[in-house]
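Hi,

Here is the structure I promised to pass on.

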Amino acid sequence: MIHSRACALLLACAAAIAHAQQTAGAPVNGGPAPGFVEESWTTRDGLPVNSISMIVQSRAGYIWLATFDGLV
């Protein structure tokens, strides 16, 4: 039960962060905003599946990816 609540909280935070980043300072030309890096990860890079539903960065700097097969 605690695990599912933690996952739900993580996904809710990620959604709020993603929405804030999409609406603030979005570049006109479609590339990454100044100061950001754009990368692409697939199953060849170690993901369990090629679809990611949420992304969040922890205070320690780790990037967490939510997939339908779990957290990466």
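Areas come from the Shrake-Rupley method with a 1.4 Å probe, and for residues only the protein chains shown count as cover.

Before you go further: this is a predicted model, so local features need pLDDT of at least 70 and side-chain atom pairs count only at pLDDT 80 or more, while totals for chains, interfaces and linings use all residues. Residues are numbered from 1 along each chain as its sequence is written, and side-chain values use heavy atoms, with hydrogens and water left out.

Trp 41 sits in the loop between helix H1 (2–23) and strand E1 (54–57); helices (H or I, at least four residues) and strands (E, at least two) are DSSP runs, numbered from the N terminus. Trp 41 is partly exposed because its relative accessible area is 37%, with buried meaning under 20%, exposed over 50% and partly exposed in between (1.4 Å probe, protein chains only). Glu 38 is in the loop between H1 and E1 too, and at 58% relative accessible area Glu 38 is exposed. Setting aside residues up to four places away in sequence, Glu 38 touches Gly 31 and Pro 32, a contact being heavy atoms within 4.5 Å.

Now the overall layout. The chain has one helix and three strands, in the pattern α-β-β-β along the sequence. Of its 72 residues, 10% are buried. The accessible surface comes to about 5900 Å², and 60% of that belongs to carbon and sulfur atoms. Of the contacts between residues at least 6 apart in sequence, 27% join residues at least 24 apart.

The strands make an open sheet of three in the order E1-E2-E3, with antiparallel pairing. E1 and E3 are the edge strands, each pairing on one side only. Two strands count as paired if DSSP finds at least two bridges between them.

- E1 and E2 pair over four antiparallel bridges. Ile 55 stands opposite Leu 65 in E2, and Gln 57 is opposite Ile 63 in E2. The two strands form a hairpin with five residues between them, and Gly 61 in the turn has a positive phi of about 100°.
- E2 and E3 pair over two antiparallel bridges. Ala 66 faces Leu 71 in E3, and a hairpin through two residues joins the strands.

My last stop is the end of E2. Is Thr 67 buried or exposed? Thr 67, in strand E2, counts as buried because its relative accessibility is 10%. A polar atom of its side chain lies 3.1 Å from the backbone nitrogen of Asp 69, and one lies 2.7 Å from the backbone oxygen of Gly 70. Those are polar contacts: pairs of N or O atoms within 3.5 Å where, within protein, one must be able to donate a hydrogen and the other to accept it, and residues adjacent in sequence count only if both atoms are side-chain atoms. Leaving aside neighbours within four places in sequence, Thr 67 is also in contact with Pro 48, Val 49, Ser 51, Ile 52, Ser 53 and Val 72.

Phe 68 is in the loop between E2 (63–67) and E3 (70–71), and Phe 68 counts as exposed at 72% relative accessibility. Phe 68 and Ser 53 are 15 residues apart in sequence, with their C-alpha atoms 7.5 Å apart.

Cheers
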